[in-house]
Amino acid sequence: VDIRLAANGQVALTYAGHNPNGSVDAIAGVCDESGVVLGLMPHPENHVVPRQHPRHSRGTGGGLGLALFQRGVRHAREV
């Protein structure tokens with residue numbers, strides 16, 4: 001891992017607890033140097049509506065990714 005990411009404050013998100021993909025330092029998201037472009041490993045767009053969750057047919061909900069997008073829009077409006 002390029003330690004410059006951490007030094008530049010470009011590590012945007014890390015996994016808390018279980019690291020499902022084994023990423024170095026539990027990094028889940030990084031941003032560009034400007035902080036405008038965000039890249040995520042968890043792919044929140046895959047769980048915007050409950051039926052997209054892989055265990056939806058077994059009663060497990062979904063929609064967790066929608067909150068991330070809603071908060072991003074709210075933040076952009078406030079800035």
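1. Two strands are taken as paired if DSSP finds at least two bridges between them. In this predicted model, strand S2 (residues 27-31) and strand S3 meet that criterion, since they pair in the antiparallel sense over three bridges.

2. The pairing of S2 with S3 belongs to an open sheet of three strands, whose order is S1-S2-S3 and whose pairing is antiparallel. The edge strands are S1 and strand S3 (38-40), each of which pairs on one side only. On average, and with direction ignored, neighbouring strands of this sheet are turned by 20° against each other.

3. As to the chain as a whole, there are two helices and three strands, and from the N terminus on these elements run α-β-β-β-α. The radius of gyration is 15 Å, well over the 12 Å that the globule rule gives for 79 residues, so the chain is more spread out than a compact globule. Along its principal axes, the C-alpha trace spans about 45 × 35 × 15 Å.

4. Some further totals may be read beside these dimensions. Buried residues make up 15% of the 79 residues in the chain, and, among the contacts with a separation of 6 or more, 14% are accounted for by residues 24 or more positions apart. The chain exposes about 6100 Å², of which carbon and sulfur atoms supply 57%.

5. Glutamine 10 deserves a separate comment. This residue is found in the loop between helix H1 (4-7) and strand S1 (11-14), and it counts as buried because its relative accessible area is 8%, where the cut-off for buried is under 20%. The side chain of glutamine 10 makes a polar contact with the side chain of asparagine 8, at 3.1 Å.

6. The C-alpha atoms of valine 79 and leucine 5 are separated by 24 Å, the two residues being 74 residues apart along the chain.

Methods:
Residues numbered from 1 in each chain as written. Predicted model: local features only at pLDDT ≥ 70, side-chain atom pairs only at ≥ 80, totals over all residues. Heavy atoms only, no water. Helix = DSSP H or I, 4+ residues; strand = E, 2+ residues; numbered from the N terminus. Buried < 20%, exposed > 50% of the residue type's maximum accessible area, 1.4 Å probe, protein only. Polar contact = N/O pair within 3.5 Å; in protein donor to acceptor, adjacent residues only side chain to side chain. Axes fitted to C-alpha atoms, helices over the stretch in contact; angles between N-to-C directions. Rg over C-alpha atoms; globule rule 2.2 N^0.38 Å. Contact = heavy atoms within 4.5 Å. Areas by Shrake-Rupley, 256 points an atom, 1.4 Å probe, with all protein chains shown as cover.
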